[in-house]
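Thanks for making the time this morning.

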Amino acid sequence: MKLLAIDTSTEACSAALLISGEVRERHEIAPREHARLILPMLESLLAEAGLKLSQLDALAFGCGPGGFTGVRIATGVIQGLAFGADLPVAPVSSLAALAQGTYRETGAQQILSAIDARISEVYWGAYRAGDAGHVTLEGDETVCAPQHVPLPVGADWFGAGSGWAAYETALQTRLGGAAYTCDGQRYPRAYDVALLGAGIYQRGLAVSAEQVLPVYLRDEVAWKKSR
Amino acid sequence: MRVVGIETSCDETGVAIYDSARGLLAHALHSQVALHAEYGGVVPELASRDHVRKVLPLLRQVMNQADTRPDDIGGVAYTAGPGLAGALLVGAAVGRSLAWAWGVPAVAVHHMEGHLLAPMLEDDPPAFPFVALLVSGGHTQLVRVDGVGRYTILGESLDDAAGEAFDKTAKLLGLGYPGGPALARLAQRGDPKRFHFPRPMTNRPGLDFSFSGLKTFAVNSLQMQGGDDQTRADIARAFQDAVVDTLAIKCRRALQQTGLERLVVSGGVSANTALRERLGRIAGEEGAQVFYPRLEFCTDNGAMIAYAGCRRVQAGQAEPLAFFATPRWPLDVLAPP
Amino acid sequence: MEILIPHEDEMLALGARLAQACGHSGAIIFLHGELGAGKTTLVRGFLRGLGHAGKVKSPTYTLVEPYEIGQRHIYHFDLYRLAGPQELEYLGIRDFLEKNAIFLVEWPERGAHYLPPPDIEVHIDYAGSERVVRFEPRTVAGKNAVLQLGSNP
């Protein structure tokens, strides 16, 4: 199968092309440069492979949680491409992509993904390596203060993502030793969005262009109740 | 040539298809006004979130209405500024990638150029050159228009836009948001003689505006005279008379200064009946003709973006793949296509 | 530190000097003062001091006006319309909180505790037709900026 993936949910901006299990990737740490970078990245990947959009089977994108603007850039781009090229879309959690990349590169089996949500909060999800080499979510993804993250079951967890860079002490205190190490310099990457997206597509869970929407975890429905 | 236009600069999502040979084929609009009403003004993050939900459904709708297939499309235009950064980025992201997927040129359109060219969507469009008064919640500008992309700003508001002053004063009068139209209705039963508000910046040369001081007069009048129904109506009347008079004085001056004989009036405030009556009279006295886009194209819409985009695509303009939003984008830096 | 400001022109100049004093680092500046006290005028001077040439609009209507001057990002907030701090979400504030950004915040009490703590609090008070502008540093960086402002009239 052939699948094109993007992630712009954090300071990182990346695009990847998966062809029969092989992944090529473009990746940069480039805060606020996503709009400028993302389409040229896709173009160069396709040109390198000698492919056109219409020859792909599906698209995948990091649908959040993450920076609201970045997540919406990815959403808007994928909406336009999916509508224009009539392709199905696999939405992939940015926290899952972060965990998948950690598993892929370090071999860690249990990953606590944390993306800095600012205002003293993290986007949080606990992932375990599962069948077919894909990570799966334990419990729910959430956004909360680091001292309130849901406690994972068991020990030997690997902490990954900018949330660990920002709040390592608070998170370690909360977890009481459940995380044996962490890497705050990891970001969700399109490489892993492509891997997980392929799985979603193969399980028949891809959606149409109009159903491509961001996941904020901070919902305006909840905000309105406060007024 | 058919061009899709996408507008997401503020609190309306608009999508349209314009055909250079057949004119406007279809347009659809989703207004977010109700969404923002409870906050007394536009809320940026809520606006962006709504745009990203609405652009594709509206696009699908206009493609069906216009019986248009992707192969029929020759370009995609989207508003790239000025406006709310996050909201603009939604339209730019969808529009730019859609054009790439379709293999057609994309054009980043200046929102105010859209408004300036909106009367071109009508059956009896004004010929160039003309003077345009753009008067809305976000802008108050007098512009000399010599052609597509040939704009000279004659004057503009140094602080609040006229529509903003309407909304803020309406709020002071307890009329909710957006209160401009409600204020105009209230003004109808107001006594024009009871209060007199100043006509800011009319006693000196130049075509700039300043409306932020008028709400201070409204506050003072309310405090001194109390807030009974008739007083509120009288204040609304005095306020509206001051704004209308000021706009009219400057329009007359702009016509005299440029020697032009066509006046285009657009933007949300141009729906105001008192303003239309007044400008009609002035134009008559100056031997000029007034043009209004139809009411639904006086406010933000996709049709004007599709039109402006079509003119630019036809002239060979095309954006690179890197897209952008320009929250601040002076009109007079634009060039002809 | 207190400074007497007789005219709008001096308020603009003071804003420009404050911008200089903040140097190249980020800063969070709270602006207190009644309607019409001159908060937006100070901000206008600040932005011009950094080289912004265009108009500076009050953000009352849009809640936040972002500026990009060279590599710097400046956000001018007016939080008056917020019913509570949690409504800062509605501005997309999470996306603005980055290193080296400058925040100029009118009505900061509406965003209390959700906003990062200020480096400097500025109070603008009426004194007849003049204004008294008071600078209260709240962090080391804020103290340095105010010291520089005072030593460089």
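Predicted model: local features only at pLDDT ≥ 70, side-chain atom pairs only at ≥ 80, totals over all residues.

For chain C the mean pLDDT is 90, with 99% of its residues reaching 70 or more.

In chain A, please look at the open sheet of five strands, which run in the order S8-S7-S6-S9-S10 with mixed pairing. Its edges are S8, residues 135–144, and S10, residues 179–183, each of which pairs on one side only, and from one strand to the next the twist averages 20°. Helix H4 of chain A, residues 162–175, packs on this sheet, where it touches S6, S7, S9 and S10, and its direction makes about 115° with that of S6. Strand S7, residues 121–129, pairs with S8 in the antiparallel sense over seven bridges, and Ala129(A) has Val135(A) in S8 as its bridge partner.

Now to the other two chains: how many residues does each of chain B and chain C bring to the contact? Chain B brings 21 and chain C brings 17, and the area buried between them is about 1600 Å², of which carbon and sulfur atoms give 52%. Across this interface there are two salt bridges, including one between Glu164(B) and Lys57(C), whose closest N and O atoms are 3.8 Å apart. Seven residue pairs are in polar contact between chain B and chain C. On the chain B side, helix H5 gives the most, with five residues.

How values were computed. Residues numbered from 1 in each chain as written. Chains lettered and ligands numbered in written order. Heavy atoms only, no water. Pairing = 2+ DSSP bridges. Helix = DSSP H or I, 4+ residues; strand = E, 2+ residues; numbered from the N terminus. Axes fitted to C-alpha atoms, helices over the stretch in contact; angles between N-to-C directions. Contact = heavy atoms within 4.5 Å. pLDDT = per-residue confidence, 0-100. Buried area = accessible area lost by both parts, 1.4 Å probe. Salt bridge = Lys/Arg side-chain N within 4 Å of Asp/Glu carboxyl O. Polar contact = N/O pair within 3.5 Å; in protein donor to acceptor, adjacent residues only side chain to side chain.
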